[in-house]
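This report describes one protein chain for a reader who has not seen it before. Please look over the sequence and the structure first.

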Amino acid sequence: MKKYVIIILIFIFTSALAFNTFYQRESYNNYNNFVKSGQTSNCKKIVLSTDGMKTNDIYNTLKNYLNKYNANLYCMIVDDNSKSILYAKYVYVSNVDLFHDLKLISGRFYNLSEKESNLFLSSKMTNDKNQIGRLASFSGENQFEIRTLKSGLNKANLFDRSFYLQIENSKLDKLINDLKSVGINITDNQNDGTQTDYSFLLYIAVAVCIFVLVLFVFYDLLNSYKKIGIEKMLGYGKFNIWSKRVLPIMFLSLISIVFTSVILFLVKFKVINYL
């Protein structure tokens, strides 16, 4: 009996480790897809600097030149003051296909006539009349939003952060020079943080499960050699002898894995809107 209890506890632990590793990896992939959306080969990470220009003046100036060169500009603001972290992108688009690589559960993206409106997309149903689409979220713990850059003008120090500029390479220098002539300087800022990949923990958990299973099978066989000898004398085949000892352990392992996964699934996934 003690042997089976140990098997259950070990497989509950390894199942929880494997599930949590998978959960963290997929949550990060979902976050990373949102962060990287719109970052094409023509996308540059930049910092804007001005000589004391007002926020509205900066916006209007940028808008004019972005339209002139058919460029896109956006930044991301993180709000972690609530229970869930809010990742909001504030965008000015000349090309509305910029974020079409993101999955939508319902609704739609912007069209060009709405790029200065108060309309937005969110991963949660906000019941706000201005919400036009619902973004897919893996677990529902984090909230993602896309809003127009104009709707963020009330944010403190909106332009004192990193932005992403999408523009044809042949037009980049012209845009930089034009903006510099009106008091807006663009500085390249390509430093991105790195994320540790914990996928190896998933493989370790699987390897531990297999090792424990094999270990207990051989342990049971070594402690049952007398019974096995008697069973052979009674005419039992190798399949019957092995299955009698292996199947209960495999069954307990399977039950432990399924039970742990179901419990963690119900706890972790507050909303199911990703698959």
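Is Trp242 buried, partly exposed or exposed? Trp242 is partly exposed, at a relative accessible area of 42%; buried means under 20%, exposed over 50%, and partly exposed in between, with a 1.4 Å probe and protein chains only.

## Basis of the model

This is a predicted model, in which local features need pLDDT of at least 70 and side-chain atom pairs count only at pLDDT 80 or more, while totals for chains, interfaces and linings use all residues. Residues are numbered from 1 along each chain as its sequence is written, and side-chain values use heavy atoms, leaving out hydrogens and water.

## Nonpolar surface patch

Trp242 sits in helix α6 (residues 238–268); helices (H or I, at least four residues) and strands (E, at least two) are DSSP runs numbered from the N terminus. Together with Val206, Ile210, Val214 and Phe218, Trp242 forms a nonpolar surface patch of about 480 Å² accessible area. Such patches join nonpolar side chains (Val, Leu, Ile, Met, Phe, Trp, Tyr) within 5 Å, or like charges within 9 Å, from residues with over 30% relative accessible area and no salt bridge. Accessible areas come from the Shrake-Rupley method with a 1.4 Å probe, and for residues only the protein chains shown count as cover. Helix α4 (residues 199–222) gives the most to this patch, with 4 residues.

## Helix α2

The 14 residues of α2 reach 20 Å from first to last C-alpha, close to the expected 20 Å, which is 1.5 Å times one less than the number of residues. Among the buried residues of α2 are Ile58, Tyr59 and Lys63. The buried residues pack against several elements, including β1 (43–50), β2 (72–79) and α3 (169–181). Just after α2, Asn70 has a positive phi of about 55 degrees.

Lys63 has a relative accessible area of 19% and is therefore buried. Beyond neighbours within four places in sequence, Lys63 is in contact (heavy atoms within 4.5 Å) with Tyr92 and Glu116.

## Salt bridges and cysteines

There are 4 salt bridges, each a side-chain nitrogen of Lys or Arg within 4 Å of a carboxyl oxygen of Asp or Glu. In one of them, Glu116 pairs with Lys63, with the closest N and O atoms 3.6 Å apart. Glu116 lies in the loop between β4 (104–107) and β5 (120–122) and Lys63 in helix α2, so the pair ties together parts 53 residues apart in sequence.

Lys68 pairs with Asp178 at 3.3 Å. This pair links helix α2 to helix α3, 110 residues apart. The structure holds 0 disulfides, a disulfide being a pair of cysteine sulfur atoms within 2.5 Å. Cys43 is buried at 14% relative accessibility, and Cys75 is buried at 0%.
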